[in-house]
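Please read the following alongside the sequence and the coordinates.

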2 protein chains.
Amino acid sequence: MRLYLGLVHFPVYNKNRDTIASAVTTLDIHDISRLARTYGSKGFFVITPLKDQKRLVERIREHWTEGYGGLYNPDRKEALELVHLVDTVEYAREEITKIEGERPVLLATDASKGVGRTIGYKEARNLLEKNRPVCLCFGTAWGLHRSVLEAADYVLEPVYGPTEYNHLSVRAAASIIVDRLVGR
Amino acid sequence: MRLYLGLVHFPVYNKNRDTIASAVTTLDIHDISRLARTYGSKGFFVITPLKDQKRLVERIREHWTEGYGGLYNPDRKEALELVHLVDTVEYAREEITKIEGERPVLLATDASKGVGRTIGYKEARNLLEKNRPVCLCFGTAWGLHRSVLEAADYVLEPVYGPTEYNHLSVRAAASIIVDRLVGR
């Protein structure tokens, strides 16, 4: 199973649908790296071109993998070791291509319906079962910029429960989606 | 569907398996109330007997349901309106009994195997489909105290991906479990 996760901080939308670079939420780094480790994902790309935000992620990663955090909580170390830090989604794809010797399928996620090239969970699960490398990207703030959706090979269908409300946090949506794609 | 969620801050374990009351993580309140709203849960009980922690939860709830937050983000208001604040798991059960006219099934969650009275996801889904009121409880920190597991009617089987590592955050575990129980 060659699944990589990507958490995109730029380009994403804000509430008014302006294009922004969002700030890193430290809990996202913890939650999604623990998710990645639990589900056997091969890497978790934190995607931001902002230098101060990159430094923040590096500090978290170092504390838990090389510093006191790793001694205090070895489980967290195993999770945070999966974190890669890159400027753009394209760089994440290139890094995965280097590791896997094959360009990964870019699978974007969006909370809206009908953004085009939509793929269901069963179909996306098949890609992984056929051993295709997959880069599954989540948007922070108000979601992935259109340019990322357009660059993607597929856009996964939104997560809905039994209601029409689907304002989940990125941490919750990522957890549900990864479980649907690779859960037992 | 009569599902209620409970987030337990006491009694839970710390890393050394002492019994503690954990501090409220504000993001848990947001993430799990949004999860509850998305999946049609009828209420989300934040369970803590600590006065300062209750005040914190009340302040968050008021900001988003009555204060500026509700105007700024009405979706968040709909989610936070589901929050109830109680001292103990037993009080949550009593409040649900008052609402539903029937004592709810207490369904506890635990990341360990073999704690007894284990129930699978399919079986738990059946309870909801038969319209039984269910109070699904999650532990913060290092998990629900044994006394809560013993008081429960059933303990849900742990969430595993394809690996033996299962150190998910409570936000992630709650998301995955609720999706497995009521997701489309």
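**A strand and its surroundings**

Strand β6 of chain A pairs in the parallel sense with strand β9 (residues 154-156) of chain A over 3 bridges; pairing requires that DSSP find at least two bridges between two strands. Strands (E, at least two residues) and helices (H or I, at least four) are DSSP runs, numbered from the N terminus. This is a predicted model, in which local features need pLDDT of at least 70 and side-chain atom pairs pLDDT 80 or more, while totals for chains, interfaces and linings use all residues. Residues are numbered from 1 along each chain as its sequence is written, chains are lettered from A and ligands numbered from 1 in the order written, and side-chain values use heavy atoms, without hydrogens and water.

In β9(A), Leu156(A) stands opposite Thr109(A). β6(A) is also joined to strand β8 (residues 134-139) of chain A, by 4 bridges, and these two strands run parallel. Here Leu107(A) has Leu136(A) of β8(A) as its bridge partner.

In a regular strand, side chains alternate between the two faces of the sheet. Buried means under 20% relative accessible area (1.4 Å probe, protein chains only). Because 5 of the 5 residues of β6(A) (residues 105-109) are buried, the strand is largely enclosed by the rest of the structure.

**Two helices**

The axes of helix α1 (residues 26-38) and helix α8 (residues 170-182), both of chain A, come within 10 Å and cross at roughly 5 degrees. α1(A) is therefore roughly parallel to α8(A), the term for angles under 35 degrees.

How values were computed: Axes fitted to C-alpha atoms, helices over the stretch in contact; angles between N-to-C directions. Parallel < 35°, antiparallel > 145°, perpendicular 65-115°, else oblique. Buried < 20%, exposed > 50% of the residue type's maximum accessible area, 1.4 Å probe, protein only.
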